[in-house]
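Reader: I have a structure open and would like to learn how to read it. Could you take me through some features, one at a time?

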Amino acid sequence: MMDSERRISEHPILGSPEKEPKVVRFYYDGKECEGNEGEPIAMALKAQGVMIHRYTQKRHEPRGMFCAIGRCTDCVMVVNGQPNVRTCITPLEADMDVRTQYGVRAMEEGEGK
């Protein structure tokens with residue numbers, strides 16, 4: 001699947017992306033990635049093929065983007081050290097550190113899933 005086929009062409013809340021988006025670097029679980037500045041973090045992750053954003057605290061079940069308008073909490077992740085950020089409505093910025101959320105926090109180094 002091509003990168004453009006994974007992108008959301010029009011978001012119901014954030015509108016349409018710019019015609020000439022600026023490509024920026026960000027980090028997903030320590031891995032360097034690229035996305036379009038200002039697009040929702042969830043969209044940039046989807047374009048990279050990332051579908052799991054968090055694991056539930058009690059049953060460790062995977063969750064990803066569901067409503068894409070900020071109403072549910074399935075897309076929450078740890079962004080720049082802040083847990084519970086709704087990535088479907090949070091614009092991507094250069095050098096953001098985005099991490100999979102485990103329960104209510106990021107996984108510590110050396111900790112297993």
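Reader: Let me start with one residue. Is glutamine 101 buried or exposed?

Author: A residue counts as buried when its relative accessible area is under 20%. Glutamine 101 has 1%, so it is buried. Keep in mind that this is a predicted model.

Reader: Where does glutamine 101 sit, and which residues does it touch?

Author: You will find glutamine 101 in strand 8, residues 101-102. Leaving aside residues up to four places away in sequence, glutamine 101 touches His53, Arg54, Tyr55, Val76, Met77, Val78, Pro83 and Asn84.

Reader: Let me step back to the whole chain. How many helices and strands does it have?

Author: There are two helices and nine strands. Along the sequence they follow the pattern α-β-β-α-β-β-β-β-β-β-β. As for burial, 37% of the 113 residues count as buried. The chain exposes about 7,100 Å², and carbon and sulfur atoms supply 47% of that area.

Reader: Now the strands, please. How should I read the two faces of strand 1?

Author: In a regular strand the side chains alternate between the two faces of the sheet. In strand 1, residues 23-28, the covered face holds Val24, Phe26 and Tyr28. Val23, Arg25 and Tyr27 make up the uncovered face.

Reader: Which strands are joined to strand 1 by bridges?

Author: Look at strand 2, residues 31-36, to begin with: six bridges join it to strand 1, and the two run antiparallel. Arginine 25 has glutamate 34 of strand 2 as its bridge partner. Strand 7, residues 97-99, is joined to strand 1 by two bridges, and this pair runs parallel. Here tyrosine 28, from the covered face of strand 1, has valine 98 as its bridge partner.

Reader: What should I look for in a hairpin?

Author: Look at what lies between the paired strands. Strand 1 and strand 2 form a hairpin with two residues between them, where aspartate 29 takes a positive phi near 50°. Strand 5 and strand 6 also form a hairpin with two residues between them, and asparagine 80 in that turn has a positive phi of about 50°. Three bridges join strand 5, residues 76-79, to strand 6, residues 82-86, and these strands run antiparallel. Methionine 77 stands opposite valine 85 of strand 6; methionine 77 is also one of the residues that glutamine 101 touches.

Reader: How many salt bridges does a search of the whole structure find?

Author: The search finds six. One of them pairs aspartate 74 with arginine 54, whose closest N and O atoms are 3.3 Å apart. Aspartate 74 lies in the loop between strand 4 and strand 5, and arginine 54 lies in strand 3, so the pair ties together parts that are 20 residues apart in sequence.

Reader: Are those two partners buried or exposed?

Author: Aspartate 74 is buried, at 17% relative accessible area, and arginine 54 is buried too, at 12%. Now look at the salt bridge between glutamate 61 and arginine 63, with closest N and O atoms 3.3 Å apart. Glutamate 61 is partly exposed at 27%, and arginine 63 is partly exposed at 27%.

Reader: Which residues are linked in a network of salt bridges?

Author: The network links Arg54, Arg59, Glu61, Arg63 and Asp74. Another salt bridge to find is the one between arginine 99 and aspartate 97, whose closest N and O atoms are 3.2 Å apart. Arginine 99 counts as partly exposed, at 25% relative accessibility, as does aspartate 97, at 25%.

Terms used:
Residues numbered from 1 in each chain as written. Predicted model: local features only at pLDDT ≥ 70, side-chain atom pairs only at ≥ 80, totals over all residues. Heavy atoms only, no water. Helix = DSSP H or I, 4+ residues; strand = E, 2+ residues; numbered from the N terminus. Buried < 20%, exposed > 50% of the residue type's maximum accessible area, 1.4 Å probe, protein only. Areas by Shrake-Rupley, 256 points an atom, 1.4 Å probe, with all protein chains shown as cover. Contact = heavy atoms within 4.5 Å. Pairing = 2+ DSSP bridges. Salt bridge = Lys/Arg side-chain N within 4 Å of Asp/Glu carboxyl O.
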